Amino acid sequence: MATEYPESNISGVGLATFGQLVSSETHGSVTTLNGFDNQMKISSGEMPRAAQDHRIDGGDALAGTLEASDAVFGLSSLPFVVPSLDTAKAVNAKARPLYERALAARGLKLLYITIWPASGIWSDRPLNNEEDLRALAVRTYDGTSAEVMRSAGATAEFLPFNEAIAKVKEHKLNAILTSGDGGAGRRLWDDLKHFTPINYAFPISIAFVRQHDFNALPKEAQEKIEAATPETEKHQLELLANRTAENYQRMRTNGVSIDEPAPPAVIAALKKAGSGPITAWQNKVPVEAAAILDWANRQ
């Protein structure tokens, strides 16, 4: 199973936890071999195809990157739609059957969902106004966020995380859209000394496995794995409860200025830039997915 994030990141922790639970519950008859930090050179967006091609059996993929295969996966990373963790939990509970259906159409089985800490912008300068946004060359984590940042005047690239780190080191990027979690785990503070907590979204990653391989396991093993998935999801939510505070403490210790609250002018510019992509997404998804967005907007 693969993730493009390090083992200390919330995505990596999820895979490690799931593997430990599966091995324990099945008494070692089923185990996972995890490739962290993009060791397998398979980005989130490539993981479903890699599973179909038998290069991996499964993985933990950032959902927004899967939007090219099914637009419903873009829900969790729509800008400024989900205002709180409680709303994020509710949205994911409503959307889970849609995610399951989209994966099943590709011969994949959803295991568990991980909610990430809210996204912000790491940058080499403070962000005080629209002019500062226009000065950014920023890595984004999916196509929608790239479109939003470009609409706000920034230069934006949708890149896997390890490629983004390399470009920051080469001074080809001066900002990264991610959570404090993703950045803290990758030592972004070496080059990007500012973090603006804009609460852009509560993105998710989705862990899955090839359905054929799951079906080939003995019934008892299948049941044990089915039991391990909600336990993993519960662990991930418990981890999230204190994750932001722990990340911020680690970031401050390493010299990062957490510029909160985010300046209203920056939030206003990004919300304005996000209105078009939200409408475009709503127009291309099934009615039940659009209904979840409408529900979230009423919260």
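What follows is a short walk through a predicted model, with stops at a loop, a helix and a sheet.

Begin by selecting V82, which you will find in the loop that runs between β1 (58-62) and α3 (85-104). Is V82 buried or exposed? Its relative accessibility is 10%, and because buried means under 20%, V82 counts as buried. Now show the side chains around V82: setting aside residues up to four places away in sequence, V82 touches T87, A88, V91 and F202.

Next, move to T232, which belongs to helix α9 (residues 219-253). With a relative accessible area of 0%, T232 is buried, and, once its neighbours within four places in sequence are left aside, T232 is in contact with G14, T17, F18, L21 and Y112.

Finally, turn to the open sheet, in which six strands with mixed pairing follow the order β5-β4-β6-β3-β7-β9. Look at its edges, where β5 (155-158) and β9 (257-258) each have a single partner strand, so one side of each has no neighbour in the sheet. Strands of a sheet pair through backbone hydrogen bonds, in either a parallel or an antiparallel way. For an antiparallel example, select β3 (residues 119-123) and β7 (residues 194-196), which pair over three bridges, and then find S123, which stands opposite H194 in β7.

How values were computed
Residues are numbered from 1 along each chain as its sequence is written. This is a predicted model: local features need pLDDT of at least 70, side-chain atom pairs count only at pLDDT 80 or more; totals for chains, interfaces and linings use all residues. Side-chain values use heavy atoms; hydrogens and water are left out. Helices (H or I, at least four residues) and strands (E, at least two) are DSSP runs, numbered from the N terminus. Buried means under 20% relative accessible area, exposed over 50%, partly exposed in between (1.4 Å probe, protein chains only). Contact means heavy atoms within 4.5 Å. Two strands pair if DSSP finds at least two bridges between them.
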